[in-house]
Amino acid sequence: MNFKDIATVSGKPGLYKVLKPSRTGVILESLDAKKGKLVAGMSQRVSILSDISIYTLTEEGAEPLESVMKKIEAEFAGDLGLDANPDDTELRAFMKHILPDVDEDRVYTSDIKKLISWYKIIRTQAPEVLQESAESSEETEEKES
């Protein structure tokens with residue numbers, strides 16, 4: 001599994017594994033202990049994690065979510081060091097530490113909470129996603145050199 005196989009559905013909590021397309025939408029399986037299935041129709045907004053980015057002040061203007069999650073994994077390896085209910089200041093400081101060029105005007109606290117929640121879900125339910133992506137990026141860097 002990789003970031004192209006994981007999706008989020010607008011209005012629904014958590015993350016979903018993309019199983020296969022259907023005539024009416026796409027079949028998803030929740031990434032939790034229940035493994036509940038869901039058919040997301042055309043009226044629901046489904047976003048694939050590999051297509052999501054976080055706004056930055058760099059020339060590119062955004063950093064891919066996969067890259068940000070890899071940085072979190074490399075630095076914290078699951079122990080984020082945040083309180084159970086972190087306040088806005090603590091969340092923004094965490095984000096600034098991970099992504100120094102983050103655009104604080106366009107990245108809301110709710111976005112940071114969502115990032116942390118998604119990271120925790122992936123870390124517990126599909127940790128190989130974070131590992132595979134780290135290995136594949138190293139291979140890509142070696143090929144480019």
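Predicted model: local features only at pLDDT ≥ 70, side-chain atom pairs only at ≥ 80, totals over all residues.
## Briefing: helix packing and an open sheet

Five strands form an open, antiparallel sheet.

**Helix α1 against helix α3**

- On the α1 side, the contact is made by Leu65, Val68, Met69, Ile72 and Glu73.
- On the α3 side, Leu115, Trp118, Tyr119, Ile122 and Arg123 make the contact.
- The residues of this contact of α1 with α3 divide into eight nonpolar, no polar and two charged.

**Helix α1 against helix α2**

- Helix α1 spans residues 65–76, and helix α2 spans residues 88–98.
- These two helices pack at an angle of about 95 degrees.
- Their axes are 10 Å apart.
- That angle makes α1 roughly perpendicular to α2.
- From α1, the contact draws on Val68, Lys71, Ile72, Glu75 and Phe76.
- From α2, Phe94, Met95, His97 and Ile98 take part.
- Six residues of the contact of α1 with α2 are nonpolar, one is polar and two are charged.

**Sheet layout**

- The strand order is β4-β3-β2-β1-β5, with antiparallel pairing.
- Strands β4 (37–41) and β5 (46–48) are the edges, and each pairs on one side only.
- From one strand to the next, the twist averages 45 degrees.

**Strands β1 and β2**

- Strand β1 covers residues 6–9, and strand β2 covers residues 16–21.
- Two bridges join β1 to β2, and the strands run antiparallel.
- Ala7 stands opposite Tyr16 in β2.
- The hairpin of β1 and β2 has six residues between the strands.
- In that hairpin, Gly11 takes a positive phi near 85 degrees.

**Strands β2 and β3**

- Five bridges join β2 to β3 (residues 25–30), again with the strands antiparallel.
- Val18 stands opposite Leu28 in β3.
- A hairpin through three residues joins β2 to β3.

**Lys20**

- Lys20 is found in strand β2.
- Leaving aside neighbours within four places in sequence, Lys20 is in contact with Val26 and Ile27.
- Lys20 and Glu59 are 39 residues apart along the chain, and their C-alpha atoms are separated by 36 Å.

**Aromatic rings**

- A search of the whole structure finds zero aromatic pairs.
- Arg106 lies over the face of Tyr55, at 3.7 Å from the ring centre.

Definitions and conventions:
Residues numbered from 1 in each chain as written. Heavy atoms only, no water. Pairing = 2+ DSSP bridges. Helix = DSSP H or I, 4+ residues; strand = E, 2+ residues; numbered from the N terminus. Axes fitted to C-alpha atoms, helices over the stretch in contact; angles between N-to-C directions. Phe/Tyr/Trp six-rings, centres within 6.5 Å; stacked < 30°, edge-to-face > 60°. Lys NZ or Arg CZ within 6 Å of the ring centre and 35° of its normal. Parallel < 35°, antiparallel > 145°, perpendicular 65-115°, else oblique. Contact = heavy atoms within 4.5 Å. Nonpolar A, V, L, I, M, F, W, Y, C, P; charged D, E, K, R; others polar.
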